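Morning, everyone. Please have the viewer open and follow along with me.

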Amino acid sequence: MFRILSSRMIVPNIHLLTIEAPAVARQANPGQFVIIRAEEEGERVPLSISDWDRQMGTITLLVMNIGSTTGRLAALRERATIPTVVGPLGNATEIENYGTVLCLAGCYGIGSMFPIARALKEKGNRVITILEARSAYLLYWEERLKAVSDKVVHITRDGTRGFRGHVGRLPEIIKGFDEPIDRIYANGCTFMMMRSSQASRPLGIKTMVSLNPIMIDGTGMCGVCRVRVGGATRFACVHGPDFDGHEVDWEELLQRRKTYLPEEVVPLQTSGCDQHAHIVKETVDG
Amino acid sequence: MADPQPKKLDLHRREMPKQPPEVRQHNFSEVALGYPIETAVEEARRCIQCKKPTCVFECPVEIDIPGFIKCIAQQDFTGGVSILKNKNCLPAICGRVCPQEEQCEKACVLVKKGGQIAIGRLERFLADWEAAQGVLGIPAMPPSTGKRVAVVGGGPASLTVAGDLIKSGHQVTIFEALHKMGGVLIYGIPEFRLPKAIVTREVEFLQSLGVELVTDFVVGKTRSIDDLLEEYDAIFVGSGAGLPWFMEIPGENLNGVYSANEYLTRLNLMKGFLFPKYHTPVKFHKRVVVIGGGNVAMDCARSALRLGAESRIVYRRSRQELPARLEEIENAEEEGVIFEYLTLPIRYIGDENGWVKAIECQKMELGEPDASGRRKPVPIEGAIATFEVDAVVCAIGNSPNPLIGATTPGLTIGKKGNIEVDEATGKSSRDRVWAGGDVVTGAATVILAMGAGRQAAKSIHQYLSSLP
């Protein structure tokens with residue numbers, strides 16, 4: 001069993017969890033993920049590792065409450081335990097000195113971008129971070145990212161912070177910079193990474209994305225996470241999760257992610273809020 | 001002592017009761033119900049106790065088959081269990097899923113007369129009898145040697161290695177990537193063929209002997225082989241077959257096209273058929289086509305049937321060449337799985353939402369024998385068959401799991417991604433590292449994996465005994 005050391009909602013619907021998982025913490029690297037189960041009857045779901053503390057043996061996850069498992073995770077409180085945290089899985093993000101690197105982060109991807117930006121900075125890159133959100137109140141970890149970036153830019157859908165719109169404005173934003181961009185990393189939902197790749201393609205800048213298809217085991221056994229990259233079928237868990245965004249078949253990926261959409265609604269209906277409230281009460285009282 | 005050997009050969013092989021097909025096609029409970037005591041004794045008494053037991057020579061783990069059968073004939077079940085367990089830690093599993101007709105039973109001298117002894121069913125009988133007694137006997141254990149062995153993967157090869165080595169006095173830790181021990185026995189083989197409670201029981205038996213079990217631990221990721229070598233005197237890698245094969249034909253990534261591993265894992269390991277009580281979703285499809293003809297294909301097709309689908313197996317050769325066990329083919333046929341022989345998928349057709357809706361196949365005929373010795377299927381020009389489906393399960397095989405190879409410098413990996421080992425000992429190219437099972441052979445059977453495990457355990461024990 002793995003103990004939750006802290007859990008809180010840091011912006012609406014996004015939860016910051018610190019979990020005791022020393023074996024994972026010891027080996028974690030930027031770009032890797034864990035598979036967790038929130039309870040014995042639970043599903044196995046992949047979540048990016050947003051930070052770790054090797055001495056304390058802890059890892060940090062940012063969880064967006066969008067379905068049954070993420071909902072249950074979000075309901076867990078300090079001292080609660082979960083049955084599975086396995087990893088670190090997937091290949092670490094390739095970090096070299098590329099020159100000037102643009103880190104594009106949105107939504108739960110802001111968390112997983114943090115260790116990547118930090119590692120890029122440590123390698124001597126000039127790091128420009130673009131944080132994207134629907135509105136300014138959904139931005140988080142700005143201070144942490146500022147600390148490892150040379151510049152932080154914002155894009156909000158409603159224009160409450162920085163540029164108004166979405167990552168499709170990338171070409172004009174880049175035009176405003178003094179220096180050329182040598183490489184782009186994009187972390188966020190599939191749709192955001194697709195848009196980022198589409199926007200950077202005409203600029204001819206290599207754009208790495210961190211894919212998040214449906215997974216079960218995370219070690220290459222089940223094959224559900226397959227994605228078409230450069231015309232070949234690859235398994236995101238063992239060949240990825242990072243791929244060249246210009247090579248990814250986005251339409252297929254978006255469609256495969258929808259496979260269980262109707263079923264995902266069922267546990268929400270049947271589990272009910274009262275049960276979540278009960279978990280919260282139990283963990284707070286206990 | 002009564003003479004179990006009858007005067008005249010009794011060629012009447014005793015049948016094992018089964019759930020009727022019309023009942024079992026709607027449930028996930030075990031199909032075969034096992035011999036009642038009287039039937040087991042009757043069947044055992046048919047054994048003529050050959051002086052040269054050819055059945056034993058064909059058993060990869062060399063179980064003393066006449067020995068345990070003689071005990072059943074004399075109604076000494078306790079004695080039978082101890083003979084059986086002397087060579088086999090997993091009798092309840094082997095009695096159910098070993099291809100006996102290709103191994104021990106094929107070598108039975110009565111096979112020529114069509115009345116070979118039902119060795120597998122008798123093995124299963126003893127294992128189940130012991131379980132029904134409630135308490136599993138723990139054999140006398142030797143003093144600890146203080147040597148430590150890490151076993152990678154919790155499947156049949158690994159469980160065998162662990163059992164053998166702990167009985168030799170070594171300390172054993174098994175590292176399993178999933179949250180449950182058992183490997184393919186848990187995630188792959190369905191409940192109706194191998195109840196999970198039986199796997200759990202056998203795993204608990206190992207635990208009672210002192211084997212340490214670590215789940216949720218991916219060797220090659222959580223720790224590397226090199227890390228483990230710092231703490232352990234020897235390592236056995238039984239990480240199994242990962243990476244499912246696909247045919248690389250158009251439409252293979254449409255929604256509704258599964259690998260057998262995904263399909264079976266959702267059902268078995270994750271208990272998706274109990275959704276939403278268990279949270280992993282499965283689809284209740286109306287028409288399912290399973291590609292392939294092995295045991296895994298049968299498991300998928302029969303699972304689909306139990307989820308309420310019209311279930312069809314598409315296989316490119318004829319019934320004669322089906323690689324699955326005959327018993328499983330017959331079970332599938334009885335339950336109503338439809339077989340399309342000499343049929344090869346060439347294209348999946350999707351609907352406007354990206355879901356598979358039809359599968360286009362090339363009809364084949366059998367030509368000259370190929371390298372495998374089987375007649376090679378060749379296309380009949382212009383003969384195309386199309387099936388409307390809402391799901392396809394690809395059960396055509398797997399490559400060995402690549403994680404260990406990719407993260408272990410100096411480990412020799414073969415062309416097929418397999419770990420290369422010395423055939424007689426299971427020793428890999430790395431010092432103190434052995435391997436066996438599917439990661440060496442590619443997808444094969446439970447008993448072959450166990451045989452490899454036994455061999456490796458012998459070699460590991462020899463090595464550990466040579467240490468100061």
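Start at Glu62(B), which is partly exposed, with a relative accessible area of 40%. The cut-offs: buried is under 20% relative accessible area, exposed is over 50%, and partly exposed is in between, with a 1.4 Å probe and protein chains only. Glu62(B) sits in the loop between α3 (54-57) and α4 (65-73) of chain B. Helices here are DSSP runs of H or I with at least four residues, strands are runs of E with at least two, and both are numbered from the N terminus. The phi of Glu62(B) is positive, about 50°, although the residue is not a glycine. Most residues other than glycine have a negative phi, and most peptide bonds are trans.

A word on the model. It is predicted: local features need pLDDT of at least 70, side-chain atom pairs count only at pLDDT 80 or more, and totals for chains, interfaces and linings use all residues. Residues are numbered from 1 along each chain as its sequence is written, chains are lettered from A and ligands numbered from 1 in the order in which they are written, and side-chain values use heavy atoms, leaving out hydrogens and water.

Chain A has a positive phi to show as well. Asn13(A) is not a glycine, and its phi is near 75°. Find Asn13(A) in the loop between β1 (2-11) and β2 (14-20) of chain A. Its relative accessible area is 33%, so Asn13(A) is partly exposed.

Next, peptide bonds. Which residues does a cis peptide bond with an omega of about -5° join? They are Gly87(A) and Pro88(A). Pro88(A) belongs to strand β8 (residues 84-89) of chain A. A cis bond also links Gly240(A) to Pro241(A), with omega about 10°. Pro241(A) is in the loop between α7 (236-239) and β17 (242-244) of chain A.

Now the whole of chain B. It has 18 helices and 15 strands. Its radius of gyration is 23 Å, close to the 23 Å that the globule rule gives for 468 residues, so chain B is as compact as a globular protein of that length. That radius is taken over C-alpha atoms, and the rule is 2.2 Å times the number of residues to the power 0.38. The C-alpha atoms of chain B fill a box of roughly 65 × 60 × 50 Å along the principal axes. Of its 468 residues, 59% count as buried. Take contacts, meaning heavy atoms within 4.5 Å. Among those in chain B between residues at least 6 apart in sequence, 68% join residues at least 24 apart.

Zoom in on helix α5 (residues 77-87) of chain B. Its buried residues are Phe77(B), Gly79(B), Gly80(B), Val81(B), Leu84(B) and Lys85(B). They pack against several helices of chain B, including α2 (37-45), α6 (91-97) and α8 (119-132).

On to chain A as a whole. It comes to nine helices and 17 strands. A compact globule of 286 residues would have a radius of gyration near 19 Å, and chain A agrees with 18 Å. Its C-alpha trace spans about 55 × 40 × 40 Å along the principal axes. Of the 286 residues, 61% count as buried.

How many of the eight residues of helix α2 (residues 68-75) of chain A are buried? Eight of the eight, so this helix is largely enclosed by the rest of the structure. Among them are Ser68(A), Arg72(A) and Ala75(A).

Ser48(A) lies in strand β4 (residues 45-48) of chain A. With a relative accessible area of 32%, Ser48(A) is partly exposed. Leave aside neighbours within four places in sequence, and Ser48(A) is in contact with Gln32(A), Phe33(A), Thr60(A), Leu61(A) and Ser112(A). The C-alpha atoms of Ser48(A) and Leu89(A) are separated by 9.2 Å, and the two residues are 41 apart along the chain.

Last stop: where the chains meet. On chain A, 47 residues are in contact with 42 residues of chain B. The area buried between the two is about 3600 Å², and carbon and sulfur atoms give 56% of it. Buried area is the accessible area (1.4 Å probe) that two parts lose on being put together, summed over both. Met221(A), Arg226(A) and Tyr260(A) supply 19% of the area that chain A buries against chain B, more than any other three residues.
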